[in-house]
Amino acid sequence: MTAIIETQGLTRLYKDNRAVDGLDLDIQSGELFGLVGPDGAGKTTTLRLLAGLLFISEGSATVAEFDLASQSEAIKPNIGYMAQQFSLYAELSVLENLLFFADIYDVKKDKLQERVDRLLTFAGLTEFKDRRAAHLSGGMQKKLALSCTLIHQPPLLLLDEPTTGVDPVSRREFWNILTELHMEGTTIIVSTPYMDEADRCSRVGLMYEGKLVICDTPKNIRAQLKGDLIEVFPDDWQAAHQLAQTLPGVLEVQTYGETLHLFVDDGAKQLKAIEKSFNKNGISISSIRAAPTRMEEAFISLIRRLEDETSAK
Amino acid sequence: MSPIYLYTIFTCLPKSITMLRRIIAIAQKEFIHLRNDWWMPAFMLFGGVLELLLVGWATSRPITNLPIMVWDQDQSAASREIVTTLINTDTFVIEDYVSDMDTIEDALDRGDINVAVIIPPDYSEKIADPSGQPTLPIILNGAESIPALAALRAIEGVTRDLGERITLQRLGMSPDEFESFIPSLRVWFNEALNEALYTTPAELGLMLEFTVLLFASLSLSREKELGTLEQLLVMPFSSLEIIIGKAIPVIIIGFVDFVLMLSMVNIAFDVPIRGSLLLLLILAFGYLLVELGKGMVISVISRTQHQAFLLVMLVGMVDFMFTGYAAPVEGMPKAAQFFANIVPAHHWLEIVRGILLKGAGLDVLWPHVLALAILGTIIGTFSLRYVRRALD
């Protein structure tokens with residue numbers, strides 16, 4: 001495998017604010033790389049830098065073996081970039097949008113028809129091909145945008161929160177498409193606020209305040225979390241939350257709706273003890289069980305730790 | 001041809017073909033926008049024609065029927081005669097006869113009348129008295145200066161005749177024995193001093209500026225506002241391709257608009273084309289490119305279409321003031337006169353008026369054409385550099 005993206009100390013300044021701060025990324029060809037982090041962490045800026053939309057303030061980067069600072073024009077035909085907000089031409093029809101992209105990326109006439117048909121089928125937009133993009137649903141717009149970025153079959157895709165604001169069914173469909181592309185060998189870098197999506201990536205980079213704090217497989221990231229997860233469904237979650245924080249062996253408490261997620265030092269040993277403590281204090285619980293850690297809990301735990309560190313400084 | 005030259009042609013050819021293809025693709029896309037967003041091209045093509053139609057129509061007829069109020073304190077044959085003479089000029093129409101000052105003031109305040117004539121009680125007495133000095137107080141509504149000037153002109157004519165008659169009477173001469181001083185005035189280029197012949201060519205020139213400026217200024221600001229510029233910038237475009245692709249529809253629509261407007265003023269208001277039509281069209285094309293450059297700069301500066309529109313208004317108004325259309329440049333302070341000379345629209349209006357009304361050719365208009373060419377080159381080069389820098 002060869003590196004398709006390599007950055008050394010990649011930095012972007014907005015006045016004095018370091019939106020992206022010394023990023024060292026190394027993404028191999030064929031990866032499905034997830035970029036996660038809270039809002040304002042620098043995910044969008046990173047993707048825009050890699051797409052050549054912003055000038056690099058410090059550091060260097062190569063994308064598809066071209067230098068980002070000096071050869072950004074040569075990079076453009078090799079990437080497909082999908083912006084966070086809808087950025088197609090709303091007054092153009094689905095087909096007109098696709099053909100416009102094909103013209104710009106110099107798709108050969110003999111391959112055009114086949115490729116357009118394939119993408120329309122792929123995105124489930126065949127019957128809507130004459131509809132104006134403005135009149136598509138949010139999910140269809142995202143799929144059209146993805147199709148447009150795929151018309152020139154770029155080896156590298158940069159997708160900025162492609163599923164934000166999309167209903168769960170469309171979201172799943174969208175990810176099925178991404179998985180298919182991934183299998184075909186396309187390198188995909190996707191930023192997302194959804195942790196279940198991060199779980200589907202081959203590698204995840206967590207950004208916080210412009211820095212890449214963790215970059216590993218979802219499995220390894222979850223393993224970094226100390227302790228085991230116990231899921232508690234109490235009847236009165238507020239009282240249960242207060243109590244849980246005082247129990248011995250509980251490292252961290254997260255709420256998830258009215259459910260409590262407790263990180264404990266030893267799941268097998270503590271499960272019974274915690275159940276007992278709840279009963280003793282008169283807090284009834286409808287169920288309690290050991291659960292596997294997901295990216296969601298890992299993410300919240302990591303962000304909390306980072307926030308504590310920042311405020312301690 | 002040297003082999004190296006041939007080699008260059010063959011290697012550059014495919015590149016320029018893809019370049020051409022991308023330019024056509026972007027121009028095509030612009031036309032699809034126009035097709036689907038019909039009010040925009042409708043405004044660009046017919047807004048100017050409509051504006052010219054209204055201006056021409058409003059200014060092509062003389063000012064008549066200005067409401068006048070009369071306070072006749074004399075009630076004599078002489079007082080009635082002067083009122084009748086004023087009405088007979090067709091400039092005025094009687095609003096009312098009144099008998100106090102308050103009503104007149106009130107009517108002036110409300111804008112019901114443009115003129116009030118107050119005939120003093122001793123008016124006929126003083127006319128009859130060989131040494132009398134009759135006076136005729138007249139109040140004009142100066143808040144509306146164009147009707148006021150028309151009224152003044154009519155009143156001056158009437159009183160000059162009356163004064164001449166009184167003088168002859170007192171000298172005991174008959175009008176046949178008297179030859180007064182008559183200036184021999186001849187008006188060139190607009191024999192009837194038809195105002196439409198002055199306003200419509202100027203408006204024609206200005207509407208071309210406004211249309212091109214507005215259309216060009218929306219071209220990129222619109223993509224910025226909708227977030228689509230980002231998509232264009234990640235595509236393998238050179239900035240020059242984007243600029244040319246965006247400029248083509250502006251040039252086509254602007255030029256068609258000009259031809260439409262020119263035909264309209266020619267047919268509807270008898271504005272003549274005394275000079276060379278071909279020269280006018282060529283210069284219109286050149287001028288259009290100058291304004292295109294300005295519009296593109298506004299377009300890159302603005303973040304939204306709204307902002308671009310306001311900037312066009314600002315630039316357009318400043319240009320308008322220095323074209324010499326509203327107030328002659330010759331009457332401006334020296335610094336303003338200099339500034340007027342670096343406003344392309346000023347030279348353009350001189351060219352339009354020169355070719356249409358005076359039948360002037362390049363032999364006469366060359367200073368303006370040269371000025372336009374120099375300003376155009378400077379503005380064009382600057383715009384191209386600026387817009388390319390902003391897009392890269």
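Guide: Let's begin with a word on domains: their bounds here come from an automatic or database domain assignment. For chain B that assignment gives domain 1, covering 24–58 + 192–391, and domain 2, covering 62–177. The centres of these two domains of chain B, taken over C-alpha atoms, are 47 Å apart. Keep in mind throughout that this is a predicted model.

The part to zoom in on is the sheet of chain B. It's an open sheet of four strands, and reading across, the order is E2-E1-E3-E4 with mixed pairing. At the edges sit strand E2 (92–97) and E4 of chain B, each of which pairs on one side only. Going from one strand to the next, the twist averages 25°.

Now settle on strand E3 of chain B, residues 115–119. Four of its five residues are buried, so the strand is largely enclosed by the rest of the structure. For this step, "buried" means that 20 or more other C-beta atoms lie within 10 Å of a residue's own.

What does E3(B) pair with? On one side there's strand E1 (residues 66–72) of chain B, running parallel to E3(B) and joined to it over five bridges. If you want to find that pairing in the viewer, look for B:Val70, which stands opposite B:Val117 in E3(B).

Next, bring in the helices. Helix H4 (residues 101–110) of chain B lies across E1, E3 and E4 of chain B, and runs at about 165° to E1(B).

Before you leave, a quick look at where the chains meet. In total, 20 residues of chain A are in contact with 18 residues of chain B. On the chain A side, helix H3 (residues 94–104) of chain A gives the most, with four residues. That side of chain A divides into eleven nonpolar, three polar and six charged residues.

Conventions: Residues numbered from 1 in each chain as written. Chains lettered and ligands numbered in written order. Predicted model: local features only at pLDDT ≥ 70, side-chain atom pairs only at ≥ 80, totals over all residues. Buried ≥ 20, exposed ≤ 12 C-beta atoms within 10 Å, placed from the backbone. Helix = DSSP H or I, 4+ residues; strand = E, 2+ residues; numbered from the N terminus. Pairing = 2+ DSSP bridges. Contact = placed C-beta atoms within 7 Å. Nonpolar A, V, L, I, M, F, W, Y, C, P; charged D, E, K, R; others polar. Axes fitted to C-alpha atoms, helices over the stretch in contact; angles between N-to-C directions.
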